[in-house]
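Reader: Could you walk me through this model? I'd like to start with the packing inside and then move on to the charged pairs.

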Amino acid sequence: MTLQAGDPFPDLTLESLEGPVRLSERWRGRPLVIVFMRHFGCAFCREYLIQLSRGYEELRAAGGEVVAIFQYRAQPTVSFCRSRGVPFECLGDPDRAGYRAVGLGRGERKEYFGLHVTRMWLRAAKSGAFVGKPQGDIAQRPGTFVVDQGGEVVLAHYNRSSPDNRAMPALLEALKRPTLRPRA
């Protein structure tokens, strides 16, 4: 099962340092870019955090907010994000129930190892994102979603490989769609 534009996004409950957070609390005020990450050691997740951090103000100016979700408890997730200067909220999903609810399964070995991925590691390293110590399920697939204030999926991107993160222009375009205007 994968989500498509127009589908309702599941109202996930995730971990924050302040306690459980329902994602619907985050998308009620403005559209939400929801990014599911692989693991702390993933160079491509680190690269994506850099890109999203650099483009954060532009995403906010387009009307959106961003949240990153990792497969760990809240404390290590927030510590990881803070140590990298991530300006948006990072939430934990240690049971990976949210990953399953949106259809993000486990990838095959070829998706995160091989010549193509090695070339992409070099690209990531140039941006300052280096491979770290793998922790958790390194085969967990990542994905990016844009959800409007009513909880409807506007954009659903399921990575086909580890470096296949959704580009900033596509996120900005999704945030500018007419369906994202506040509902009366």
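Reader: Which residues does Leu171 touch, not counting residues up to four places away in sequence?

Author: In this predicted model, Leu171 touches Val33, Tyr48, Leu52, Leu59, Thr144, Val146, Leu155 and Arg166, with residues up to four places away in sequence left out of the list.

Reader: And which residues touch the most other members of the largest nonpolar core?

Author: Phe70 and Leu171 do, in a core that holds 30 residues. The elements that give two or more residues to this core are strand 3, helix 2, helix 3, strand 4, helix 4, strand 7 and helix 7. Apart from this core lies another one, of 20 residues, which includes Phe9, Leu23, Tyr99 and Leu104.

Reader: Back to helix 7, how many of its residues are buried?

Author: Six of the eight residues in helix 7, which spans residues 168–175, are buried, so the helix is largely enclosed by the rest of the structure. Those buried residues are Met168, Ala170, Leu171, Leu172, Ala174 and Leu175, and what covers them includes strand 3, helix 2, helix 3, strand 6 and strand 7.

Reader: How do strand 6 and strand 7 run, parallel or antiparallel?

Author: They run antiparallel, and five bridges join them. Strand 7, residues 153–158, is mostly covered, with five of its six residues buried. The hairpin has five residues between the two strands, and Gly151 in this hairpin takes a positive phi near 85 degrees.

Reader: Changing topic to helix 4: which of its residues are buried?

Author: In helix 4, residues 74–83, the buried residues are Ala74, Thr77, Val78, Phe80 and Cys81. Viewed down the helix axis, they fall within an arc of 160 degrees, so they line one face of helix 4. Arg82 and Ser83 are exposed on the other side, and just after the helix Gly85 takes a positive phi of about 70 degrees.

Reader: What do the buried residues of helix 4 pack against?

Author: They pack against strand 1, helix 2, strand 4 and strand 5.

Reader: Now the charges, how many salt bridges does the structure hold?

Author: The structure holds five salt bridges. In one of them Arg73 pairs with Glu15, and the closest N and O atoms are 2.6 Å apart. Arg73 lies in the loop between strand 4 and helix 4 while Glu15 lies in strand 1, so the pair ties together parts that are 58 residues apart in sequence.

Reader: Which residue forms a salt bridge with Glu89?

Author: Arg26 does, with the closest N and O atoms 2.7 Å apart. This pair links distant parts of the chain, as Glu89 is in strand 5 and Arg26 in helix 1, 63 residues apart. Glu25, Arg26 and Glu89 are linked in a network of salt bridges.

Reader: What about Glu65, is that residue buried or exposed?

Author: Glu65 is buried, because its relative accessible area is 18% and the cut-off for buried is under 20%. Glu65 forms a salt bridge with Arg60, whose closest N and O atoms are 2.3 Å apart, and Arg60 counts as partly exposed at 27% relative accessibility.

Reader: Last one: how much of the chain do buried residues make up?

Author: Buried residues make up 52% of the 184 residues in the chain, whose secondary structure comes to seven helices and seven strands. Among contacts between residues at least 6 apart in sequence, 72% join residues at least 24 apart.

Technical notes. Residues are numbered from 1 along each chain as its sequence is written. This is a predicted model: local features need pLDDT of at least 70, side-chain atom pairs count only at pLDDT 80 or more; totals for chains, interfaces and linings use all residues. Side-chain values use heavy atoms; hydrogens and water are left out. Buried means under 20% relative accessible area, exposed over 50%, partly exposed in between (1.4 Å probe, protein chains only). Helices (H or I, at least four residues) and strands (E, at least two) are DSSP runs, numbered from the N terminus. The arc is that of the directions from the helix axis to the C-beta atoms. Contact means heavy atoms within 4.5 Å. Two strands pair if DSSP finds at least two bridges between them. A nonpolar core is a set of buried Ala, Val, Leu, Ile, Met, Phe, Trp, Tyr and Cys residues joined through side-chain atoms within 4.5 Å. A salt bridge is a side-chain nitrogen of Lys or Arg within 4 Å of a carboxyl oxygen of Asp or Glu.
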